[in-house]
Amino acid sequence: TPPELLRNFCIIAHIDHGKSTLADRMLQLTGVVEARAMREQYLDRMDIERERGITIKSQAVRMPWALADESGAPQPYALNMIDTPGHVDFTYEVSRSLAACEGAVLLVDAAQGIEAQTLANLYLAMENDLAIIPVLNKIDLPAAQPERYAEEIAGLVGGDPADVLKVSGKTGEGVPALLDRIVRDVPAPTGEADAPARAMIFDSVYDTYRGVVTYVRVVDGNLSPRERIVMMSTRATHELLEIGVIAPEATPTKGLGVGEVGYLITGVKDVRQSKVGDTVTNANKPAAESLGGYHEPKPMVFSGLYPIDGSDYPVLRDALDKLKLNDAALVYEPETSVALGFGFRVGFLGLLHLEIVRERLEREFDLALISTAPNVVYEVTMEDGAVLTVTNPSEFPGGKIREVREPVVKATILAPSDYIGAVMELCQTRRGELLGMDYLSPERVEMRYTLPLAEIVFDFFDQLKSKTKGYASLDYEPAGEQASALVKVDILLQGEQVDAFSAIVHKDKAYAYGVMMAGKLRELIPRQQFEVPIQAAVGSRVIARETIRAIRKDVLAKCYGGDISRKRKLLEKQKEGKKRMKTIGRVDVPQEAFIAALSSE
Ligand code: GTP
């Protein structure tokens with residue numbers, strides 16, 4: 001297809017504002033998926049995605065749409081819809097998906113209005129110079145207030161509130177008009193047809209049968225089957241076994257030219273060899289420069305993962321090896337803990353990523369796991385100038401420290417103006433710094449903060465929701481590091497340090513952490529033949545102390561979410577764990593005490 005007839009767009013929406021439903025309706029209206037063959041939510045392929053209703057992996061689908069030109073003759077356009085992941089942890093993937101498009105449909109629930117996440121992605125789209133098509137969805141809902149939110153959106157993106165399209169993904173109303181509008185408002189791609197090929201990878205997915213399927217957007221030149229291609233970040237070359245478009249199944253073509261979006265297959269088995277953001281070029285006529293914007297995925301949050309049943313360790317190792325094939329951002333290395341035995345220290349893009357990985361390990365590999373409290377990555381500079389990267393609190397160095405740096409994020413919070421005070425108070429207790437505040441409308445305000453990532457990974461979102469009756473929304477992006485007054489708090493049982501309970505916290509919060517953890521353990525550890533002191537210490541200074549009392553208290557193991565059989569299995573394993581005691585110094589500690597103490601509730 002010549003570039004003049006191509007339109008590449010994505011849909012920016014908050015979770016639940018109806019992106020998948022609208023996408024499905026478009027597939028149906030353009031005849032790509034027949035109504036009767038239509039599975040609900042065609043685009044969300046993975047089970048977990050479907051259950052959680054979130055989109056993890058972006059995909060691209062090609063749809064034909066005819067629209068008359070000035071002379072009245074219908075022109076056969078091809079629309080490529082590129083799906084963007086919808087969560088803060090995947091900002092980089094979102095940015096690459098946006099970079100593959102010329103336009104974005106800004107989809108807003110007509111009963112909810114715009115949310116923080118939508119706003120963040122909208123700004124990203126604007127930075128990428130995409131044409132924005134504002135759309136209000138779910139106008140069939142009785143609670144819809146299209147007029148009110150049309151004003152809000154027009155205020156944000158400019159233009160007349162009357163130009164905000166009103167659609168219902170559910171009934172299909174307004175969707176053909178939206179497709180017309182995409183053809184009219186989204187610019188056709190431009191690129192140099194005769195230049196060496198340059199295509200940007202915006203997603204890569206591991207498929208059991210086909211190996212890695214790589215999604216690309218061709219910028220210049222063209223790629224054809226059977227030729228050799230080069231991944232510009234690594235200089236690795238591969239043979240292009242197959243290239244094609246998704247419509248909605250993979251359909252091989254004779255190649256992809258300027259502006260086209262599709263997939264390619266080289267037979268590699270690991271997504272790390274096909275990196276999101278990388279540039280693909282021809283081996284025999286390579287481009288001089290890559291497209292730019294590429295960077296390696298960087299784990300932001302670390303947690304220890306341990307099998308509850310120690311004999312499951314090899315299963316966990318194999319499971320992580322398998323998941324890695326499909327998840328370029330997942331990193332891990334073996335770790336041993338005095339308290340928990342053999343396991344892995346695993347790095348994640350963020351909390352949702354952590355939860356997804358953990359859930360997949362438990363569900364797909366039938367593992368019961370303990371995960372230690374998540375922590376961020378610290379950079380410690382010693383007095384002698386040595387710099388250490390700390391991904392595990394128990395590795396935080398003793399000795400003379402000059403400076404500790406921690407990652408910070410730029411957070412955007414949207415809330416009804418009644419809750420400004422509550423939000424500010426929360427951000428203040430989390431060491432936040434207000435960057436700015438804007439009213440979207442008299443009732444709704446956008447607040448921007450710099451916050452330490454460590455303060456966000458720990459129940460920030462829950463707190464924000466509960467302090468605003470569920471009305472606030474949050475988004476954040478990495479914003480570098482800052483020096484902070486951080487210390488390590490150790491927990492000691494009878495003078496013996498318990499590694500899994502060490503935490504790095506701001507010095508003003510060390511005491512609270514120590515008291516909380518010592519108190520929790522006093523409840524959880526059964527009495528021994530002798531008195532057991534529990535201490536919290538910063539270096540050699542004890543900041544809190546508890547003593548274990550006489551009567552053995554029964555511990556009720558906590559169970560987190562999930563289906564019943566898994567829960568039962570977990571309970572059984574925990575029962576076994578209760579029998580299994582870890583001996584720390586002279587103290588016998590049931591494994592379930594660790595589980596309960598480490599669970600974040
Ligand atoms: P994520 O995949 O989680 O980002 O959600 P999504 O934005 O794709 O939303 P999805 O399409 O799954 O829709 C969310 C909910 O809104 C579902 O219960 C849909 O049935 C409902 N919904 C979507 N579009 C419409 C609409 O036009 N009208 C009404 N009444 N409900 C809709």
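# Close-up views of a predicted model

pLDDT, the predictor's confidence in each residue from 0 to 100, stays under 50 over residues 552–562. For this stretch the model has 23 contacts (heavy atoms within 4.5 Å) beyond four places in sequence. This is a predicted model, in which local features need pLDDT of at least 70 and side-chain atom pairs count only at pLDDT 80 or more, while totals for chains, interfaces and linings use all residues. Residues are numbered from 1 along each chain as its sequence is written, and side-chain values use heavy atoms, with hydrogens and water left out.

**View 1. The whole chain and its confidence.** The chain contains 14 helices and 32 strands; these are DSSP runs numbered from the N terminus, with helices (H or I) of at least four residues and strands (E) of at least two. Of its 601 residues, 56% count as buried, where buried means under 20% relative accessible area, exposed over 50%, and partly exposed in between (1.4 Å probe, protein chains only). Among contacts with a separation of 6 or more, 69% are between residues 24 or more positions apart. The mean pLDDT of the chain is 86, with 89% of residues at 70 or more. Over residues 52–58, however, pLDDT is below 50, and this stretch has 34 contacts in the model beyond near neighbours in sequence. The model scores are ipTM 0.96 and pTM 0.76.

**View 2. Helix H9 and its buried side.** Helix H9 spans residues 420–429, and its buried residues are Ile420, Val423, Leu426 and Cys427. These four lie on the same side of H9 because they cover an arc of only 135° around the axis, the arc being that of the directions from the helix axis to the C-beta atoms. An α-helix has 3.6 residues a turn, so residues three or four places apart point the same way. Glu425 and Gln428 are exposed, on the face of H9 turned away from its buried side. The buried residues of H9 pack against strands E22 (401–416), E23 (433–441) and E24 (444–452), and against helix H11 (460–467). Just after H9, Arg431 has a positive phi of about 65°.

**View 3. Arg444 and Glu152.** The side chains of these two residues form a salt bridge at 2.8 Å, N to O. The pair joins distant parts of the chain, since Arg444 is in strand E24 and Glu152 is in helix H5 (residues 146–157), 292 residues apart. Arg444 counts as buried at 10% relative accessibility, and Glu152 is buried too, with a relative accessible area of 6%. A salt bridge here is a side-chain nitrogen of Lys or Arg within 4 Å of a carboxyl oxygen of Asp or Glu. The whole structure holds 29 salt bridges.

**View 4. Arg210 and Glu242.** A salt bridge joins the side chains of Arg210 and Glu242 (2.4 Å, N to O). Arg210 is in the loop between strand E7 (198–207) and strand E8 (211–220), Glu242 is in strand E11 (residues 242–246), and the two are 32 residues apart. Arg210 is partly exposed at 34% relative accessibility, whereas Glu242 is buried at 15%.

View 5. Asp490 and Lys488 meet through their side chains in a salt bridge of 3.3 Å, N to O. Both residues are buried.
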